[in-house]
Each structure stands twice: as C-alpha cells, then as structure tokens.
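Open the structure in a viewer and keep the sequence beside it. The tour below says what to select at each stop and what is found there.

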Amino acid sequence: MMRPGTKQYVVARPLYSEESFSEEHEKVYRHRKTITDHIRQYFRCNTKRAKTAALSLLPVIGWMKIYRINEWLLSDIVSGVSTGLVAVLQGLAYCLLASLPPWYGLFTAFFPVVTYFFLGTSRHISVGPFPVLCLMIGSIVTRLVPDEGSPANITGFENLTRDEQRVLVASSVTFTVGVMQLAMGILQVGFVVMYLSDTLVSGFTTAAAIHILVSQLKFVLGLTVPGISGPLAIIYTLEIIFNKITSSNVCDVVISLVIMVVVFIVKELNDRFKSKLPVPIPVEVIMTVIACGVSYAFDFKTRYGIDVVGHIPKGYEPPVAPNLPILQETAVEAFPMAIVGFAVAFSVAKVYSIKHDYTIDGNQELIAFGVSNIFGASFRSFVASTALSRSAVQESTGGKTQVAGLLSALIVMIVTLAIGFLLDPLPKSVLGAVVIINLKGMIMQAREIPYLWKRDKPDCAVWCVTCLASILLGLDLGLAVGLGVELICVVLRVQFPRCSVLANIKGTDIYKDRKDYVHIYEPEGVKIFRIPSPIFFANMDFFRNKLIEALGFIPLRVLRKRNKALRKIKKLLKKGDLQWTSKGFLNTSCGTINDSEDESNVEDLDQPTDFNDLPACIDWDAELPANIIIPRIEIHSLVLDFAAVSFLDISAVNGLKTLLKELIRVEVEVYIVACDPYVLEKLHHCCFFDDEVHPSMFFLTLHDAVLHILEKHPAHAEKEHNYEKSGQGRAVFTDCSLHLPVLPHLSRFRLTSDFNHRPYRIKMF
C-alpha cells in the first residue's frame, strides 16, 4: 500500500517491443564517421583551427589576455618569492635523492619552470624536482655509476669524473622521459593516466616515502652508505646502516633531530592557524639559514667532520647532448618515470583547477612536461614534475598564475648566479632532515588501509600489493606489479559479476533482486535474469553457467533427451509396439519394451525436435509411453535484462545465439529487454537473427516484456493470483501505469497512448 500523503503518477502508453517502438517513432538519421573521416578531420586545417591550435600549444596567450595586473600581480610576487625560497631548499635536498651534487637541483628548479610557463595549462602547480622521481633517477644513477667499483661500460664515460658521469646519466634519462611524454602528448594519449587509480598512486607514493626515508638516514646519521639498486635494495641498505649505526656522527644526529622537531611543530601550527596566517611560516628556509650561520660560525665541517653542501659553482654550464648508449640502457626504466611524473602533476593540477574554476588539458600537460624535461636535460637538470608541498605553498600564498612560478625561477637563478656561496657550509644532515619531515603526508596515507578494507577489499589489496612490491622490488617493478594487480581486479570484477534473479515489487513496475525484498511478485513460469556487466569472451561461460543455475536445468541436455525420446517413439510406432489413439499413445506390445539406446547421428540430437512423422505433437509435461522419462521444465518464459550490458564481442554474440537457440528448442520463450541501441545494431551487423532467433524478442523495458508474457499466458497469471478480488490491488506503474486489478487480468485490457508527439502525460495525486 502507498503511504498516505505520498505522490503518485500515472502514464498511459502502449506496450512496446523494440520493433513496435521503431515503427511508431521515427529516428533521426545520423552519419557515423569512419576511421577515414576521423583522419581527414584531424588533418584538416582552416584559419579558425590554426588559431585554436596555436592557443592550445601556447596556453600562456589565453590567460595572459585576461591577466588582472592590479588584482593579481602583487599576489603573484609574494607567492613567487615564497615558492622560490622553498624551491631552492628542495632543489638542494631532493638532489641528494638522485645521488648528484646538490647544486644540480637548482637547475631542475629553474629550466623546466621557464618552459612550463609558456606551455602549461595549470596556473598553480610549482614545477621542479619531485622526491619520488629523484629517487628513481638515483637508482638508475647508482646502478650505472656505483659508489664503489667501476662504472658501467658505456661510451662517453671516458675522461669524466664520477660526478660528471652521474650527471650525464641523469640528464640522458631525463631526455628520454621528455621524449616519451612529448610523444604521448602529440599522439593524444593523455588518458593513460586514468589507468593509475588513486589507490594505486597512494600505495606507490607511500612506498616511495619509505625508500626516501631510508635513503636519507645516511645523511641524518652521518654515515657513508653505498648506493644500492634493484630488488630488496632497501633491505640491504638497512642492514648496512644498522651494522654501522655505532659510527654515527652525534653532531649530525643532534642537528637533524632539532631541525625535524622544530619544522614539525611549526608546520602543525601552520595547518592549525592557516586561516589566520596571511602567509605560512617558511620554517624550512628559516632553519636552513640558522643552520648555515651556526655551521659557519662554529666550523662544523672541521671540528665535527660533518658533511656539508660545499662549493656551489656560479652560473650555468653549457648545453650537453644526451648519451645514446645511456638512452638505450635506460629506456625501459624511463617509461614508468614518464607516467608517474605526469600522473602526479596532473592529479595536483586537477585539484587546483577545480578549486579555482578553470580547465586543464591532459595532452597539453604531457607536451609541456615533455618539452620542459627535454629542455632541462640539455642544461643538466633531472626529471621535473611537481612537489605537493611546493605547489601548496605557491597556491596558499596567493599565487594566481604561472607568473608566480616564473618569479620563483628568478629567485633560484639569483641564488645560482650570485649568492649560492652562502649555502656552502650547510650540513647535508639539515637537507636530509627537511626531506624526512616533508614525508609526513605521504607516509600518513597508510591510514587509508582500514578505510579501504571496510569499503572495498579489492582496492585495499591493490594498495597493499603496490606498496609492498614497491618497497621490496623497487619503485619501477613495484609500479608494474601494482598496475598488473589493478587490471586483474578490474578484469575479475567484470569477468565474475554479481548476476541476479529479479522479481516485481508488488504494486509497481520496479524489479529488484528477489533475495533482497519480502513483498515481491514472481509470475509463474517466468524467470527474469540480470547480468550487470558487458558480455565478452572472458565471462561468456560464467554468464551461461549462472543462467543455467538460475533456470535449474541444462537446455542442451533436455533437448538431447527429448530428441532421443522422439527417436525411440518413432521407432516403436514403426515397429507397431506403440499406437496413437485419440486418448494418446497406446502400448500394443505384450511384453515390456526394452530401453535400447541409439547412438547413431548424435549430432542430430542438438537440432530442433521434429514432429513431422508423428500424428500429433508430444506434450513433454505429460506421462510418456515406454517408460520414457524426460525432465520437466517449469519455465515457459525467460527475460534477460541487458540494461547494464554496454557491449558484446564476437565470442559473446556467437555464445549468446547458441544459448538462445538451445532455450528456444526446448520451448522456452526468450525476451531481451533494455538493450543498448549500439548493442542491438551490432547484433544486426553480426547476422545474429535467423529463423529461430527473431528481433521480436527485444522489448523496450523490463515491464513491457513481463506484461507481454502475462498477456500471452493468462492462465498462469490467473492461477497465480486467483485470490485477488475485484477492485482490490490497484497497480500504478512507471511508464506503463494501469488502472486495473493487479497483473493477472492485464490481458483483458487494451493499453492506450495519448502522447504521439508529446511527452508523457503525468497525473499527480
């Protein structure tokens, strides 16, 4: 019963199959573009398209035209200076992760920023070194140029110092990454980042944070630990650190602890009072300046043997060409770096674009980062992306556009060209402490595990496997393993969907899983089956098995038994052991009829039953002569709900046709409802229909099909609801509402329509 005071609506329309709906409602003809049409359109050029292409390749033109000097310039200046100071410090600190001299991090904080200013579509991200990419670069650098032993046998390493060899490796890998990103941008494949889910990226960056933490322990403790790469490198590194921990430099440990405690406390205060602070306190910069002054005043390097940044050369080095043997050696490792760098930058850019209401272009971002990395590699910088903390500084300090980014690059340039010498006495333990304390956000992502376990266990498995694999096997192999597990989870979800048998919610046209509701109506002899996924080669057998399980019989087995019985009956009639009378078959044999199996022409058993040589059709539900027993089928109609089937492949089309034929041959009527027009069109193109499988089995909605079945089989409906009294059980159905006693009497009424060219007539109660 409807609750008092609730609203109802009534819609009167005919009962529609797909054929009848197409006949009554004319479709608009639409020309479907072929591959040739798409290629022609892609390469077609006119003035408007040339202008659009120029603006898309140089987004700076678009936002510079709307730049509000009076409102935005001051904010960009403040943001640029703040971000520049952080970029200098992070450039030096993150360069240690790449196993390179610290000042090369300043190059990465300058050259890619300048290029991104012209080509990037995000106005708020801060381009420069990203710790995860620095660590991945460092693993390649230490593999080809280890701390101990001779470097790899690569042409071009001759007459170069160890640092120069490492810089050449880093710049060559960066060039490869840039070429890959540029190629993906030109080919418009920016969608690849969608295959890296938030869960996978979270697990991967958490594992990267663990790697970064371990890699910085040698600076915090003042130990000499050789760089190790490859699977289980983190285990071997920890083993060396624990073996040498008694040799730690106490001064380094004290400095690191003080820096970490102070920075942590001030960052917490920044977060708590961010609404009241006009600009976050640049605690890293302040502590770095203090540490530099104290180190210089008390000569930490000489007195306590502390490892310091040392001499920072002034100016920039001349361009260098990438090394071809290194490109060939590192191409496989460069690809995950290209994906990770873009994925992280695009994710951060998307957050800020939504917050500030403007659009970003994934393919243009690929082009921007590709060109930035190629340009930066020529001047000895390493792979650039965006650091979350640095981007947060640029946005939170009032940055409006990439003018702030350009000004931050100017600050970095001033340090490189003029005042870099002030950082000479800076202890590396300070940089290591700053890196570690900035890992808090990434490490705290581990708190997602309980949430994921409660909400989505497959996603939790992706997170855990990605994190563990990245920790133990390395970031490159870990990312590949995580991506593989993620794709397997997706395939398994589609391959093994939760199929269900539906039933009608009494008094409505709504159909739900019969296991979930109490007051339901299931028409006798009707089975409604729903598969909530596409049907393709991998899940066709699963779909078939689930459907057979729901039906309670195997159609092919029943068909074969019927054909065997039919063959036996014909043989007995021919011998005279059986005789047809008006009351049915009569056994004329004096003895018992032996049950002999005839296995000839087994393939004929799969064909439709042929009653041509018999005086009448056989009722398979009645008692059969000669001790013949055939399984009875209680179902006369099957409805397949295809509302969630978005596509079928050729294997599914063939398998579905075979299954439908088996059902039709055992006298089960099959109806397919809510089929997507493109799926229906594909079935026509694949010659799905023939003398047995007809287009008339397709209905517009599930309720249309059920009403058609009940009208066609009124006896079953009457039998099911013989308790209904006249005037009781008034049914109101969405899209096909009937003012009549519930379903059993539908066949007595003609459904009418009064909306030939108008929307549904809705009557509110």
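Start by selecting Q90, which is found in helix 5 (residues 69-97); helices (H or I, at least four residues) and strands (E, at least two) are DSSP runs, numbered from the N terminus. This is a predicted model, in which local features need pLDDT of at least 70 and side-chain atom pairs count only at pLDDT 80 or more, while totals for chains, interfaces and linings use all residues. Residues are numbered from 1 along each chain as its sequence is written, and side-chain values use heavy atoms, with hydrogens and water left out.

Q90 is buried, with a relative accessible area of 4%; buried means under 20% relative accessible area, exposed over 50% and partly exposed in between (1.4 Å probe, protein chains only). Show what Q90 touches: C95, P129, A387, S389 and R390, not counting residues up to four places away in sequence. Contact here means heavy atoms within 4.5 Å.

Next, select I125. Among the residues that I125 touches are Y116, A345, Y352, F369 and Q402, not counting those up to four places away in sequence. I125 is also one of the residues that touch the most other members of the largest nonpolar core, which has 110 residues. A nonpolar core is a set of buried Ala, Val, Leu, Ile, Met, Phe, Trp, Tyr and Cys residues joined through side-chain atoms within 4.5 Å. Helix 15 (residues 324-356) gives the largest share of this core, 14 residues. Another core, of 40 residues, lies apart from it and includes M540, L638, F688 and M697.

Now display helix 9 (residues 162-186) with helix 16 (residues 362-378). They pack at an angle of about 155°, with their axes 7 Å apart; axes are lines fitted to C-alpha atoms, for helices over the stretch in contact, and angles run from 0 to 180 degrees between N-to-C directions. Helix 9 is therefore roughly antiparallel to helix 16, a term for angles over 145 degrees. To see the contact, select residues including F175 and L182 of helix 9, and F369 and I374 of helix 16.

Buried residues in helix 25 include P555, L559, R562 and L572. Just after helix 25, select G576, which takes a positive phi of about 95°.

Note on methods
Parallel < 35°, antiparallel > 145°, perpendicular 65-115°, else oblique.
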